[in-house]
Each structure stands twice: as structure tokens, then as C-alpha cells.
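Here is a short report for a reader new to this structure. Look at the sequence and the model before reading on.

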Amino acid sequence: MQHKTISEKILSLKAGQDVRSGQVAICDVDCMIANDASTPMALDYFDAMGGERVLQPENVVFAMDHYAPAPSQKATQLHERMRKFAAEQKIHTWEIGQGIGHQLIVESGRVKPGMLIVGADSHTVTCGALNTFATGIGSSDLAAVLISGKIWLRVPESIKVTLRGELRPGVFPKDIALALALKLGSDGATYEAIEFDGPGVPSLTLEDRLVLCNFVVEMGAKNGVFGGDEQTWKYLGTQYEPIVADPRAEYVRKIVMDLDKLEPQVAKPSQVDNVVPVKKAEGTEIGMVYLGTCTGGRTRDFHQALDVLRAGGGPASGVQVVVTPASNQVMQELVADGSLSEFLRMGAVVVTPGCGSCCGTCGAIPGDNVNVISTANRNFKGRMGNGTASIYLASPASCAAAAVHGRILDPREIRPASSGATKPTGANE
Amino acid sequence: MKGRARLFGDNINTDYIITSRRKRENLDPQYLRNYLFEELDPSFAATVKPDDFLVAGKNFGCGSAMEVAVTAVVGAGIRAVLAKSFSRTYFRNAVNNGLIPILCDTSGIREGDALDVDWTHSFEIRNRTTGVVVTTEPIRGIMREILDAGGLVPYFRNKGGFQL
């Protein structure tokens, strides 16, 4: 028997036969997700294909996250069409304000190890953190999966990323993701899976792993996947039989990353792999700081940002800080522990949980020629709704440090007042 | 297929092909085609002609999986995209809508070059302007069947599901 990667194992299970990388298989889908940006078009394909009933509505979820709340009359009509279909077909729908689909599907406990998950949204890959095969598809494929419960997939070759050591203070999972994007390039994993492994993995919480899997699509990957361990069971509240790679599984490429040597990273405009250490971008003036999205909008992300903002005495004047929690639950946690009040006291703009301004469809749009630093995953020109703005991507702590200083700054330069250090020179000027 | 090359560079993401905020207002390809590449080349939508080919470098269609980035191109009458590489979601969405994704060395092709593209028999892309000929790999298996059917909708209606 040949040895298999995690992706080969999961797809073999779902295909009901032994499949290897390079082969094409028709697989049973366990869970599918779509949003208000992709579903209306999928319903057109569903009708054109002669679809009448969704085969397994219990396996389908819709999230209204891209246009939340609806910024125009047209968007309300897209929502209405989606609601009507969901009601007819008995599909569970997360309404406006509930949050981003990728967060909700994980938070709600729908994602379980060993699943095949497809979503009409490229960041569906996020779910691979829970030992699943999760990949993004378009609206036409979604329609076919709604009707048949199946999808054809080419089994991907895998890149093995071995993580060693532990992150030092001031360095976060987003920095690993950015460093990997630099190493692989924005097309370095096209058609391939990224399998994370190594002695550094146990130190990463499930939420840390969500950040890494979320980002693999920015390197072109079909999916990103972790094994299952204590951190996974802790998050899920119960233990599963993990899908593990065989010791002699074949990989197209092997990469080793030493987490204890990593520095804070930033992706400069307008490519996700245009990455440099934050130190090398220091001094770049920042007008807007965006905290949120499916990459960096979870409770602990806001806590990490708040730690830096608090230590630095709040945002510099003239910097707009935008807070968009990834879900209603995240927002409630921030309310309960006082974090949201603290952000509000600092003058932050708080936006409805959802995708917000990440893709420029709603929320706070940056002004002309403004430099934005964001916890998101894409920095293409025009991505946030204004083609003249420039977008930098970094960890919540690095974003917060830029808010304090009004310029990009290594977050390790800002230390809590109690430790005797103060704001960096030039802050709030 | 004969047509004219419309040239783009590397890493053309789907937001550059059509911005997310346009599809929020209307999904009709005949509406969306008016805003193709509006951030990159504001003159493109007005100058694109049916049978033009999109010609790009590596990683065409990266970023979001949004399918309007294909249907808006099809809406403009474009039948094929030539690139050194494609993102997997763009490749898949293209096939599903009958837009032919052609993997080939595009580095010698210039804006406006006249191209003959044969993706089914000789697998040659002949540049009639420069005389240079490059080749592409055949598209095989289920993807070829979907393209031959004219896209995923006719494929699915004919077969009643995916078949290998």
C-alpha cells in the first residue's frame, strides 16, 4: 500500500476509492457554504441546470456577509432572493450581522475533522485548520453540488510546511502566513495542497491555524490542512479520530520554517507576496487601520491589537481605526469583556460583523490616496473600494502599532507603560 | 479561432477583471462587460471586440473565486484566455462557462497581435503578426467534456450529474 498525504486520505474516503495526487475523483461533499455575493448567481445556474430540490439541505449553509448591512437597494434584492430560496429549500441561513461565513461555520461546530467542505468563496480554505479538506469553488460548481451532493476534484499534490520552535512575543500567526507567502509567491502553490506539520504545531491554537489556512489561497493553493491534536479537540470540545499523513507520504516540495526566528512581517501594496519585515517599512504614513475579516477578526485578534493600543496610549490623531468583528459572537465577547468600550473610547469606528470593507462592498471605504494597514488577506489595488488607496497587510499587533504611531512601526517597539517604556519617539505628533 | 491579442501582465486578480462592488449592483454580463478591467485599463471596455483574446502572464484570475470575472469576459464576446498559468478557481470557472483557458508561453505576444488558436487539433497558437508559433497542452478528461458540452449547465443537463 502506498503512503498518503492528509489530502489524499480525505479525498479517498470521499471518493469511496483509493485516489492519489493527479487523479480526478468524484467526491461526496459533507458540507457546503455560500454567501450573498456568490449565491444569487448560483441560483441562476441552479435554475438553468433544471434544479428543483437541494439534495441535502442539512449540509448547506448560507451566510449574508459580503453586503452586511445591505448598502443599496440592489443588494437588498439579492438578499431577498437568497432568503426565499433558503426558506423553500430549508437551508440554514446566517442573517445580516451574524458574521462571516468562514467564522460561523467553524464557531457553530459544523466543521468536523475528516470532512470535505466546499464553499463558493475562495477563503473556504480556512476550515482546513480543523483537519478537513476545504476548498473554494465558483457559483456554477456550487449549483451542481446543491443538486447532486457531489463534486469532481483533481487530487492535489501536497507541499509540506514543517513548523519548528515557537513564536516570540510580538510575532503572530499572520507573520507566519506572510513569511510563507513571500517564500512561495502568490502562485507558488497553485493546484496544490499545503500540509502544515512539525514540532511547532502544538504551540499553535486552533485560531492560529485558522489564520494560516485562510491565507493559503493567496499562494494559489487548493487547500491548506493541519492534522488533529489536543488543540483541535480543545476547540471542538470533543476528541475525534484524526486523519494523519503516512510517514512516507510523497510531497512535491518541503519547506521548513523556524518560528522562533521570525520577525513581524508586512505585505506592501498591491501584491500579497510583496512582503518585507515590518522594520523595513517603518515610517510609512498610515491614515486608516482596519481590524477585522476572516483572517484577523476574532476575539483574540482584537485583544492583541488592544494590548498594543493601550500600551501606546491609543491611536494617533488623524488615524481612523475601524473595528469589524468576524461574528456576532466575537462582538458579544468584546462587549462582555469591555474591549469594545475601550475601542469606542479610543474613537474607533465599529462596523456590523461581516466582511466589511475588506472587499470594498460595504463598511468604511478608505479616502483617496490614503495608506491603509489591515489584518485582512488581500491588498490588491481597489480591493477596499478605492483604487487610489494603498493597502498594507499585517498582524493585529502591527496594525495597532501603526495606529499608535500614525506610521508603520514594529509592534515590539511599543511596550506597556508598566514596564517603564513609553511611546516611541514621534508618536502622536 | 482567429482573433486579436489584448495584453495584460502577471497576477491579474479577479477584482482587477471586475470589481466586487459592480456585481453587487447587477449580475448581467452585458452590464458587467462595461466595467471590465476598469482599474487597470479604463479604455478596455470601450475597445474590446468580439473574438479578442485575453493574453496574460502568470497566475491569471488569482484572488476571489467570483464567477462574474469569467461571465463578464464571456459577455464581451471573448472566447479564450491565454496565460502562462491560471489560478485554479479561474480555470475551473472558465471551463464551466465555456471560456477556453489556454496554458502557453505568452511572453512573445504583443498588444494587438493577430493570433490563430487551435486548442483541439494541432494545439498551436500561431502569431500571424510575428510568425512565432507556441504550443499548448490538450485539455483532457472531464474538463474537456464540459468544454465540449458548452459549459457546466449543458453538461449537467445532458448527463444528470458529474461522470468520469
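What follows covers a sheet in chain A and the overall build of chain B.

The model is predicted.

**A sheet in chain A**

Start with the strands. Chain A holds an open sheet of four strands, ordered S10-S9-S8-S11. Their pairing is parallel. In general, the strands of a sheet pair through backbone hydrogen bonds. Two strands form the edges here: S10 (223-225) and S11 (253-258) of chain A. Each of these edge strands pairs on one side only. From one strand to the next, the twist averages 20 degrees.

Now take one pairing in detail. Strand S8 of chain A covers residues 158-164. Six bridges join S8 to S11(A), and the two run parallel. Within this pairing, A:Lys160 has A:Lys254 in S11(A) as its bridge partner.

**The build of chain B**

Chain B contains eight helices and seven strands. Its C-alpha trace spans about 45 × 35 × 25 Å along the principal axes. How does the radius of gyration of chain B agree with that of a compact globule? A compact globule of 164 residues would have a radius near 15 Å, and chain B has 15 Å, so the two agree.

| Feature of chain B | Share |
|---|---|
| Buried residues, out of 164 residues | 49% |
| Contacts between residues 24 or more positions apart, out of contacts with a separation of 6 or more | 61% |

Methods. Residues are numbered from 1 along each chain as its sequence is written. Chains are lettered from A and ligands numbered from 1 in the order in which they are written. This is a predicted model: local features need pLDDT of at least 70, side-chain atom pairs count only at pLDDT 80 or more; totals for chains, interfaces and linings use all residues. Two strands pair if DSSP finds at least two bridges between them. Axes are lines fitted to C-alpha atoms, for helices over the stretch in contact, and angles run from 0 to 180 degrees between N-to-C directions. The radius of gyration is taken over C-alpha atoms; the globule rule is 2.2 Å times the number of residues to the power 0.38. A residue is buried if 20 or more other C-beta atoms lie within 10 Å of its own, exposed if 12 or fewer, and partly exposed in between; C-beta atoms are placed from the backbone. Two residues are in contact if their C-beta atoms, placed from the backbone, lie within 7 Å.
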